[in-house]
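Please open the model in your viewer and keep the sequence panel beside it, so that each selection can be followed in both places. The stops below go from the whole chain to single residues.

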Amino acid sequence: QGSDQTFTTGIPTDDGSGGSGGSAGGTGDNTGASTTIPPTVFTAPLVPPLLTAPPDTTEPTLTALRLASTAFRAARSGPSIAATVGTKISYSLSEPATTRFRVERGAPGRKLGGRCVRPTSRNRNRPRCTRWLELRGSFSHPGRGDSNSFRFRGRLSGRTLLPARYRLLVVPTDAAGNVGDRRRVAFRIVP
């Protein structure tokens with residue numbers, strides 16, 4: 001590839017001697033003789049194959065996830081994201097990606113076997129811990145490959161979050177479907 005292909009042709013022809021007996025009065029010693037035209041060289045350039053871009057396999061990276069206020073009142077109506085009320089969420093992305101936010105609620109627990117489990121009468125003397133229960137629903141934000149921010153209103157799937165401790169679980173996904181590492185940030189809804 002990248003070089004030319006060369007073709008040659010040779011064409012036999014009659015030398016005009018008549019082919020049988022020659023000209024009148026001739027001796028006929030050139031009967032049947034022929035000549036060959038020198039080979040003609042044709043150079044055909046080869047077209048290089050079309051180059052295709054390799055598939056995108058790089059995961060987006062989310063950093064600098066912050067809440068302007070980690071304790072705030074939740075809005076009683078409206079969407080999860082809005083221009084006013086709630087708290088400002090900011091984060092950065094290594095490339096454009098859709099960022100999905102889920103919410104986990106803190107609940108009392110007891111440490112048992114290296115895990116935080118639901119309190120019962122049997123484990124009431126075990127050390128206290130916080131269980132994080134993922135709530136139903138999520139919301140997304142179209143992130144650009146730079147700094148991003150919006151206001152979170154303390155609502156999820158049309159429901160107001162009740163006063164409690166929570167965590168946002170954040171995962172970016174780029175246009176090629178590559179999923180980045182999840183990040184978490186804690187907050188609290190106050191009465």
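The tour starts with the chain as a whole, then turns to confidence, the nonpolar core and the disulfide.

**Whole chain.** Select everything in cartoon view, bearing in mind that this is a predicted model, and you will find 17 strands and 0 helices. Of the 191 residues, 28% count as buried, and the accessible surface comes to about 12,800 Å², with 51% of that area belonging to carbon and sulfur atoms. Among contacts between residues at least 6 apart in sequence, 70% join residues at least 24 apart.

**Confidence.** Colour the chain by pLDDT next; the mean is 84, and 74% of the residues reach 70 or more. Among the elements of the chain, the lowest mean pLDDT, 52, belongs to strand E1 (residues 4–9), while strand E16 (residues 164–173) has the highest, 98. Now select residues 18–28, where the pLDDT is below 50 and where the model shows 8 contacts beyond near neighbours in sequence. Where pLDDT is low, the predicted coordinates should not be read in detail.

**The largest nonpolar core.** Which residues have the most contacts inside the largest nonpolar core? Select Ile 89, Phe 101, Phe 152, Leu 161, Leu 168 and Phe 187, which hold that place in a core of 22 residues. In soluble globular proteins, nonpolar side chains tend to be buried together.

**The disulfide.** Finally, select Cys 116 and Cys 129 and display their side chains, which are joined by a disulfide with an S to S distance of 2.0 Å; the count for the model is 1 disulfide. The pair links distant parts of the chain, 13 residues apart, with Cys 116 in strand E10 (residues 115–117) and Cys 129 in strand E11 (residues 128–134). The link is right-handed, with 100° about the S-S bond.

Are the two cysteines buried or partly exposed? Cys 129 is buried because its relative accessible area is 17%, under the 20% cut-off, whereas Cys 116, at 28%, counts as partly exposed.

Note on methods
Residues numbered from 1 in each chain as written. Predicted model: local features only at pLDDT ≥ 70, side-chain atom pairs only at ≥ 80, totals over all residues. Heavy atoms only, no water. Disulfide = S-S within 2.5 Å. Helix = DSSP H or I, 4+ residues; strand = E, 2+ residues; numbered from the N terminus. Buried < 20%, exposed > 50% of the residue type's maximum accessible area, 1.4 Å probe, protein only. Contact = heavy atoms within 4.5 Å. Areas by Shrake-Rupley, 256 points an atom, 1.4 Å probe, with all protein chains shown as cover. pLDDT = per-residue confidence, 0-100. Core = buried A, V, L, I, M, F, W, Y, C linked by side-chain atoms within 4.5 Å.
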